[in-house]
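Open the model in your viewer and switch to a cartoon view. The stops below say what to select next and what is there.

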Amino acid sequence: MRLRKAVSDLVRWERVCRAATVDRAGRPHVTPVCQVVSNGKIYFAVGRDSQKAANLRQHPHVAVLVDLYSEEWGRLAGALVQGRAALIERGAAFRQVRALLYEKYPQYPEESAIEVGDSLVVEVTPERVASWGLE
């Protein structure tokens with residue numbers, strides 16, 4: 001499934017989103033992540049030993065929520081992307097996504113470097129998308 005331009009633009013420009021996974025017992029785990037979008041897929045990095053990585057190794061289903069809040073509720077907007085996650089541990093794809101994340105978030109290299117062996121890149125292939133308040 002392709003992301004509509006309005007959804008892709010929202011994911012591209014927003015600085016943070018929330019990613020949800022489930023553990024072995026079906027308990028949800030939701031955390032903020034820094035995302036990029038490329039070729040219709042959403043990417044973010046996680047620690048190799050993180051709860052999110054462990055959950056995705058067992059259950060590759062993920063939900064990503066990007067939203068805009070406003071006190072004027074007529075201006076609320078957002079997108080929920082449900083999809084399948086692939087974990088990228090190294091190689092050209094890892095380096096390409098790391099470069100995109102470093103470009104969007106210049107703090108990354110100094111504050112939370114994405115390194116082979118310590119980090120994983122999560123690639124989300126959209127399967128279902130719900131959006132609101134977007135053109």
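How many bridges join strand 6 to strand 7, and do they run parallel or antiparallel? The count is 11, and strands 6 and 7 run antiparallel. Keep in mind throughout that this is a predicted model.

**Stop 1: the strand 6 and strand 7 pair**

Select residues 77-88 for strand 6 and 119-132 for strand 7.

**Stop 2: across to strand 5**

Strand 5 is joined to strand 6 by eight bridges, and the two run antiparallel. Val62 has Gly83 of strand 6 as its bridge partner. Ala63 faces Gln82, also in strand 6.

**Stop 3: strand 1, then strand 2**

Select residues 17-22 for strand 1. Show Arg18: Leu65 in strand 5 is opposite. Then turn to strand 2, at residues 28-33. Six bridges link strand 1 with strand 2, and these strands are antiparallel too. Ala20 is bridged to Val30 in strand 2.

**Stop 4: the whole sheet**

Show the strands together. What order do the seven strands take in the sheet? The order is 2-1-5-6-7-4-3, in an open sheet with antiparallel pairing. Strand 2 and strand 3 (35-38) are the edges, each pairing on one side only. From one strand to the next, the twist averages 30 degrees.

**Stop 5: the helix across the sheet**

Select residues 91-104, helix 3. Which strands does helix 3 lie across? They are strand 3, strand 4 (41-47), strand 6 and strand 7. Relative to strand 3, helix 3 runs at about 120 degrees.

**Stop 6: the largest pocket**

The largest pocket holds about 190 Å³ of space. To outline this pocket, select Arg12, Trp13, Arg15, Val36, Val37, Leu100, Glu103 and Lys104. Helix 1 (5-13), strand 3 and helix 3 each give two or more residues to the lining. Which element gives the most? Helix 3 does, with three residues. Colour the lining by class: four residues are nonpolar, four are charged and none is polar.

**Stop 7**

Finish on helix 1, residues 5-13. Show Asp9 and Lys5. Their side chains meet in a salt bridge, at 2.7 Å from N to O. Why are these two about one helical turn apart? Because Asp9 and Lys5 are four residues apart in helix 1. Across the whole structure, a search finds six salt bridges.

Notes:
Residues numbered from 1 in each chain as written. Predicted model: local features only at pLDDT ≥ 70, side-chain atom pairs only at ≥ 80, totals over all residues. Heavy atoms only, no water. Pairing = 2+ DSSP bridges. Axes fitted to C-alpha atoms, helices over the stretch in contact; angles between N-to-C directions. Contact = heavy atoms within 4.5 Å. 1 Å grid on protein atoms, 1.4 Å probe; cavity = no way out; pocket = protein on both sides within 12 Å on 5 of 7 lines; lining within 4 Å. Points joined across faces, edges and corners; volume = space filled by probe spheres on them. Nonpolar A, V, L, I, M, F, W, Y, C, P; charged D, E, K, R; others polar. Salt bridge = Lys/Arg side-chain N within 4 Å of Asp/Glu carboxyl O.
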